[in-house]
Structure formats: structure tokens, C-alpha cells
Amino acid sequence: HLGLGTHPQSGEWHPLEDFRWSDDFSAFLNAVNSAGDGATDLILNGDTVELWQALDDECQYEESGLGCTEEQALTRLNRILAAHPEEIGALSRFANFGANRIVVVPGDRDAGLLFPSVARRIAGALGGPGRVEIASRGSWISADGAIYVEHGHQRTYDAFRFGSWPEPFVQRD
């Protein structure tokens, strides 16, 4: 849940920020890279970026079933990327080492990654074409079929379930 980061004036963590361990995260990525000898598929399984929470009232509409537009989701993503340069840099270095790859499986809090411009932006920030895949089907299966990954928010009774997943979009005027 990379989110709002720190307050620009005080440097204090924003109360809604869930990700506060950039040094540990970088060490983890280095260990995974070393253990995988530079040939690892790293799967980020849902809610990698916190597109749900924001500082303002953007994406608020009278109809409760509506969320962010593609442009609004891209604005939120850019804010998150700016708030987490160390983590994004560590992921990019990981993705661009050897044959490593990153697969981002969207979850309920980052379903906006399924918008084309938002997917391109996160993929570019994390490592670029051929290095980063956005699992646009809403799940990922390893090449050998032995590993299946989904975020899990699509369970029948989940309050945050999207009825048309992996196309969580509604259109209005």
C-alpha cells in the first residue's frame, strides 16, 4: 500500500500511509535478487499503490458506485510515485537486473491500474516494457501453470467486490 507518504512541511508520516519501511524493502529486494540469481518473477499481489485514499475530495460523486476517472487515477498515481522515490527506485533496479521481471496484479485499492494510461505509467516507473507486466486479467499464472495469483477481493461475499472484474469500469455522462 504505497500511499501518501509524508507531509511536505513536517516530514511526518501521513496517518493514512501504510508503507514506511523503504530500507527494509530495498534489503528484501536485494535478497530476492541474490537468491534468484537475477532471474526472478516478483509478483506484487494487489494494492501495491493506494489509489483509494486521497488528501482531497477528488473522485467523490453523488452516485456511490462511481470512483475515479482515468485522469484522476493517473493524478493519484503520480502523487504516490513522487511520495515514494526510494521504493520505486528499488523496484526499478530490481526489474532491470538480469532477467528479473515484476508482475503487478491489481487489487481493489489499485483497480485504477487497469486504465491503460495508469498501467503504462506504473510499468514505466517500475522498469519499462518487457520488465513489468500489469496483469490485466486481474490474476496471473506462471508460465508452467504451477502458480496462480489473485488478490482475493473477488470472493462472493466481499464488500469491495467488483461485479465486472477485471473490468471495474462504469460509464456515465
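I began with helices H2 and H4, and found that H2 passes H4 in a right-handed crossing (the near helix is turned clockwise from the far one by less than a right angle). Helices here are DSSP runs of H or I with at least four residues, numbered from the N terminus.

The model is predicted, so I noted that local features need pLDDT of at least 70, side-chain atom pairs count only at pLDDT 80 or more, and totals for chains, interfaces and linings use all residues. Residues are numbered from 1 along each chain as its sequence is written, and side-chain values use heavy atoms, without hydrogens and water.

**H2 and H4.** I looked up the packing of H2 (residues 70-83) on H4 (residues 116-126): the angle is about 15° and the axes are 8 Å apart. Axes are lines fitted to C-alpha atoms, for helices over the stretch in contact, and angles run from 0 to 180 degrees between N-to-C directions. H2 is therefore roughly parallel to H4 (angles under 35 degrees count as such).

I then listed contacts (heavy atoms within 4.5 Å). Glu70, Ala73, Leu74, Leu77, Asn78 and Leu81 in H2 meet Pro116, Ser117, Val118, Arg121, Ile122 and Ala125 in H4.

**H1 and H3.** I turned to H1 (residues 22-35) and H3 (residues 85-95), whose axes come within 9 Å and cross at roughly 5°. H1 and H3 are therefore roughly parallel to each other. On the H1 side I found Ser22, Phe25, Ser26, Leu29, Val32 and Asn33, which meet Glu86, Glu87, Ala90, Leu91, Arg93 and Phe94 in H3.

How values were computed. Helices (H or I, at least four residues) and strands (E, at least two) are DSSP runs, numbered from the N terminus. Angles under 35 degrees count as roughly parallel, over 145 as roughly antiparallel, 65 to 115 as roughly perpendicular and the rest as oblique.
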